[in-house]
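Hi there,

Here is the structure I promised to pass on to you. Please open it beside this email, and I will walk you through what turned up.

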Amino acid sequence: MQELKALVAEIRDFPKPGILFRDIGPLLRSRFGDTIAALDALFTEEEWDGVDAVAGIESRGFILAAAMAERRAKGFVPIRKKGKLPPPVVDVAYELEYGSGVLEMQRGSGRLLLVDDVLATGGTLGASVLLSRQAGYTLHGLGVLLDLGFVPGYRCDEFVPRSVLSYG
């Protein structure tokens with residue numbers, strides 16, 4: 001995993017002063033297949049058997065979740081920022097480390113793995129868990145590429161997010 005971690009660039013003061021942004025672009029450019037395989041391996045075969053679809057959180061979570069869904073022949077469900085999906089949608093407001101937002105999802109059913117690129121404060125992931133349930137899905141697990149370690153021991157209800165790379 002250290003090889004993958006070395007490919008995550010650190011961008012200071014982005015998107016605003018005081019933020020250290022972890023850029024997964026170089027990692028995806030050079031080791032995309034290995035990255036998706038590592039995310040896939042966060043879950044056991046039995047867990048994968050119980051999953052109908054993989055949900056990805058806009059925007060980098062889309063890339064990861066869609067590739068995981070394709071790898072496992074599962075469906076893909078997007079979780080988008082407000083105004084990006086056609087109605088009807090379910091929405092939820094949330095706070096994140098440098099602002100606030102609203103996420104939307106179309107209604108559906110089935111068992112989901114929820115995937116995102118980064119776990120920082122847990123605001124986006126927590127909102128997506130709530131949103132998935134409100135939209136009619138049953139959550140089956142949480143996976144993130146990077147856990148920044150801002151909230152040690154973070155959990156969402158009964159789920160502890162699994163991560164490929166940890167910081168902190």
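Asp-157 sits in the loop between β8 (137-147) and β9 (162-166); helices (H or I, at least four residues) and strands (E, at least two) are DSSP runs, numbered from the N terminus. Before going on, please note that this is a predicted model, in which local features need pLDDT of at least 70 and side-chain atom pairs count only at pLDDT 80 or more, while totals for chains, interfaces and linings use all residues. Residues are numbered from 1 along each chain as its sequence is written, and side-chain values use heavy atoms, with hydrogens and water left out.

Back to Asp-157: its phi is positive, about 55 degrees, although it is not a glycine. Most residues other than glycine have a negative phi, and most peptide bonds are trans. Asp-157 also forms a salt bridge with Arg-133, where the closest N and O atoms are 2.2 Å apart. This pair links distant parts of the chain, since Arg-133 belongs to helix α5 and the two residues are 24 apart. A salt bridge here is a side-chain nitrogen of Lys or Arg within 4 Å of a carboxyl oxygen of Asp or Glu. Arg-133 is partly exposed, at 31% relative accessible area; buried means under 20%, exposed over 50%, and partly exposed in between (1.4 Å probe, protein chains only).

Asp-13 is another non-glycine residue with a positive phi, about 60 degrees. You will find Asp-13 in the loop between β1 (9-12) and β2 (20-23).

Now for helix α5 itself. Its 12 residues, 123-134, reach 16 Å from the first C-alpha to the last, close to the 16 Å expected at 1.5 Å a residue; the expected span is 1.5 Å times one less than the number of residues. Among its buried residues are Gly-123, Leu-125, Val-129 and Leu-131. What do the buried residues of α5 pack against? They pack against β3, β4, β5, β6 (99-106), β7 (110-119) and β8, where contact means heavy atoms within 4.5 Å. Just after α5, Gly-136 takes a positive phi of about 110 degrees.

Next, have a look at Glu-58, in the loop between β3 and α4. A cis peptide bond joins Glu-58 to Ser-59, with omega about -5 degrees. Is Glu-58 buried or exposed? With a relative accessible area of 18%, Glu-58 is buried. Leaving aside neighbours within four places in sequence, Glu-58 is in contact with Ile-79, Arg-80, Lys-81 and Lys-84. A polar atom of the Glu-58 side chain lies 2.7 Å from the backbone nitrogen of Lys-81. Arg-80 forms a salt bridge with Glu-58, the closest N and O atoms being 2.8 Å apart. Arg-80 lies in strand β4, so this pair ties together parts that are 22 residues apart in sequence.

Pro-88 is in the loop between β4 (75-81) and β5 (89-96).

How many salt bridges does the structure hold? There are 14. One of them pairs Arg-72 with Glu-45, at 2.9 Å between the closest N and O atoms. Arg-72 is in helix α4 and Glu-45 in helix α3 (residues 45-49), 27 residues apart. Arg-72 counts as partly exposed at 21% relative accessibility, and Glu-45 likewise at 46%.

Enjoy exploring!

Terms used
A polar contact is a pair of N or O atoms within 3.5 Å; within protein, one must be able to donate a hydrogen and the other to accept it, and residues adjacent in sequence count only if both atoms are side-chain atoms.
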